[in-house]
Amino acid sequence: MAGHSKWANIQHRKGRQDKLRSKLFSKLSKEITVAAKMGDPDPDKNPRLRLAVKEAKSNSVPKDVIDRAINKASAADGENYEEIRYEGYGPNGVAVIVEAMTDNKNRTASTVRSTFTKSGGNLAETGAVSFMFERKGLVVYLAEAGDGDTIFEHAIEAGAEDVESSEDGHDIYCADTDLHAVSTALEAALGESESTKLIWKATTSTEVDLEGAEKLMKLIEALEDDDDVQVVTTNMDASDEVMAQL
């Protein structure tokens, strides 16, 4: 069993979630609106919307903000967002996947390309790096939810594929198409999860030293500051010594 997500730990330590709370609320609200527009506005009948609402709640998004985002989907003058995935290479050749929702593809593409270039990376064609990742469902529980063996047993019974436990918590992985069923079964056994979402899980990693990790973090932070960017994923790997210095 490997450790908890390293980048998640960096974000937590640096307090970026708190600093960017309003920006985070905006990104989560956008996902809710898009999910509601693509399917039923009732979360119980729309798995994607249910996951979006759950993720928003786990990040303390107020109920009225969530309700507003759902209602926005049926508004006649509502924005039409398009989902786009960008792929590229960061400093040291680290693979980077950028998931965006935008009402202006040209603006977003230009900004993402410029951000890569300024940070010593380069934007590539779609498919250039995604073969180094797998689309997976991820359900996260805090350490107090149970010991590793207990969580593993419940996860396998729920239909999960793998569990990574550490002192920080438990990352439970499943096939992307099974996320709704697995998270529902886990909820019945373990209670509310800390997070439930679809992710890109790296199948190969690129190791970086301290300088490389710092450069990559600047790229990720610059990308995340763009209102159109929803999620940034990399295949960065770094030693515990490097992580401790970030």
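Student: What should I know about the model before I start?

Tutor: The model is predicted, so local features need pLDDT of at least 70 and side-chain atom pairs count only at pLDDT 80 or more, while totals for chains, interfaces and linings use all residues. Residues are numbered from 1 along each chain as its sequence is written, and side-chain values use heavy atoms, with hydrogens and water left out.

Student: How many salt bridges are found in the whole structure?

Tutor: Side chains of opposite charge can pair when their charged atoms come close. The term salt bridge means a side-chain nitrogen of Lys or Arg within 4 Å of a carboxyl oxygen of Asp or Glu. The whole structure has 19 salt bridges.

Student: Which residue forms a salt bridge with Glu99?

Tutor: The partner of Glu99 is Arg135, with the closest N and O atoms 3.3 Å apart. Helices (H or I, at least four residues) and strands (E, at least two) are DSSP runs, numbered from the N terminus.

Student: Are Glu99 and Arg135 buried or partly exposed?

Tutor: Buried means under 20% relative accessible area, exposed means over 50%, and partly exposed is in between (1.4 Å probe, protein chains only). Glu99 has 17% and is buried, whereas Arg135 has 27% and is partly exposed.

Student: Where do Arg107 and Asp228 lie?

Tutor: The side chains of Arg107 and Asp228 meet in a salt bridge, at 2.9 Å from N to O. Arg107 lies in helix α6 and Asp228 in the loop between α9 (210-224) and β9 (229-234), so the pair ties together parts 121 residues apart in sequence. Asp228 is buried at 7% relative accessibility, and Arg107 is partly exposed at 36%.

Student: Which residues are linked with Arg107 and Asp228 in a network of salt bridges?

Tutor: Lys30 and Asp103 are linked with them in that network.

Student: What is the salt bridge partner of Glu82?

Tutor: Glu82 pairs with Lys105, at 3.8 Å from N to O.
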